[in-house]
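Colleague: I have not looked at this one before. Can you take me through its pockets and cavities?

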Amino acid sequence: MSWEDNVRTVLPYVPGEQPKDGQKVIKLNTNEMPYPPSPKVAEALSHYDANSLRLYPAADVAPLRDAIARYHGKGSDEVFVGVGSDDVLSVAFLTFFNSDKPILFPDITYSFYDVWADVYRIPYEIRPLDEDFHIVKSDYTAPNGGIVIANPNAPTGVSEMDDVRFIEDIVAANPDSVVIVDEAYVDFGGVSALPLTEKYDNVLVVRTFSKSRAFAGMRIGYAMGNSKLIKYMNDVKYSINSYTMNRPAIDLGIAALSDNAYFEKTVSAIIKTRQWTIGELRKRGFKVTESKTNFVFASPEDISAKEMFAKLRERNIYVRWWDKDRIRDWLRISVGTDGEMQTLIDAVDDIMRG
Ligand SMILES: *Cc1c(COP(=O)(O)O)cnc(C)c1O
């Protein structure tokens, strides 16, 4: 017997590689924005009052929570704010997935879901996506302890909601469990399940500032849903750590949210660059999914994805590759600036020339 027999062991999530400070790479591996956050954020930061840091922040995150609620036309009691959507999703798993029945999610999706299930000892079953990486709706009517779906999905980029009914049918079929819809990428062209939160008390929509608002370093995520769902999440949060959101995050989050013109401009730029990149990769024989996100999911011709990944890395271009069934032939490439994507395409040409 040893203390190690009582350790909560878990195989942790592996984030994308972050280059060392000062190392010059084209970083297309963690879906960060290539553009800075709104200039309003830099402005707020430039006269930030360091003295305010003596004081604890608002435990209920009220100033930012209320700004988010106003932005989406929701009530303050329908919004939960956390330290990135990873924190929000983790609290949601712990709060709502507490059944003996397995929770359900796709085989190819955000690779944090099975890690949270493991660390919280939540039973789960995975449901394979179809050949084109779409969700098979009928898989989600089996008895379950909860459902989590990323829409648009990562790393495939595929969106299920050209038909708004798609998620609604799953939510309606499961009145006895909570359906979490992870909308980390919805701003880049997906269709949101947010209207469903008015009609159903068992759907939770999770968003983040990390991608479309260029705020990955600030760590702001939020969930929206029926006020009962939000209350239960807050009960769990206050049972672990009351002051999750620090003062600068609350203040700068409000500044980021206030600049809609800049938000729309930068998101449109990404969409335009994404479509250009998809076209260029297809011209070179890649299979590429119809992405509704700020990344493309692409499978090269005549060279393995693994080799392409390694050769891009030698040229200081970081993309993401997983040694995992069904997606071993695919690369996930975040959308950078036009210049970065041109450099990527030139590198691909160079690699394919041999
Ligand atoms: C990036 C991402 C998140 C987490 O982002 P945060 O930086 O923690 O807000 C959650 N879900 C998916 C699908 C993501 O790609």
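Modeller: What follows goes through the pockets and then the cavity. This is a predicted model, where local features need pLDDT of at least 70 and side-chain atom pairs count only at pLDDT 80 or more, while totals for chains, interfaces and linings use all residues. Residues are numbered from 1 along each chain as its sequence is written, and side-chain values use heavy atoms, with hydrogens and water left out.

Colleague: How much space lies in the largest pocket?

Modeller: About 640 Å³. A pocket is an open set of points on a 1 Å grid over the protein atoms alone, with protein on both sides within 12 Å along at least five of seven lines. Points are joined across faces, edges and corners, and the volume is the space filled by probe spheres set on them.

Colleague: Which residues are closest to its centre?

Modeller: Tyr13, Thr30, Asp86, Tyr110 and Lys211, out of 33 residues that line the largest pocket. A lining residue has an atom within 4 Å of a point.

Colleague: Which helix gives the largest share of that lining?

Modeller: Helix α3 (residues 84-96), with 4 residues. Helices are DSSP runs of H or I with at least four residues, strands are runs of E with at least two, and both are numbered from the N terminus.

Colleague: How do the lining residues divide?

Modeller: The largest pocket has 13 nonpolar, 12 polar and 8 charged lining residues. Here Ala, Val, Leu, Ile, Met, Phe, Trp, Tyr, Cys and Pro count as nonpolar, Asp, Glu, Lys and Arg as charged, and the others, Gly among them, as polar.

Colleague: On to the second largest pocket. What is in there?

Modeller: Its space is about 390 Å³. It is lined by 20 residues, and Ser111, Asp114, Val115, Trp322 and Lys324 are the closest to its centre. Two or more lining residues come from each of β3 (103-106), α4 (113-119) and β4 (124-127), with α4 giving the largest share, 4 residues. The lining of the second largest pocket has 12 nonpolar, 2 polar and 6 charged residues.

Colleague: And how many cavities of 30 Å³ or more are there?

Modeller: The count is 1. A cavity is a set of grid points where a 1.4 Å probe fits but cannot get out. The volume of the largest cavity is about 80 Å³, and its lining includes Met33, Ser212, Arg213 and Phe263. Helix α9 (residues 260-283) gives the most to that lining, 3 residues.
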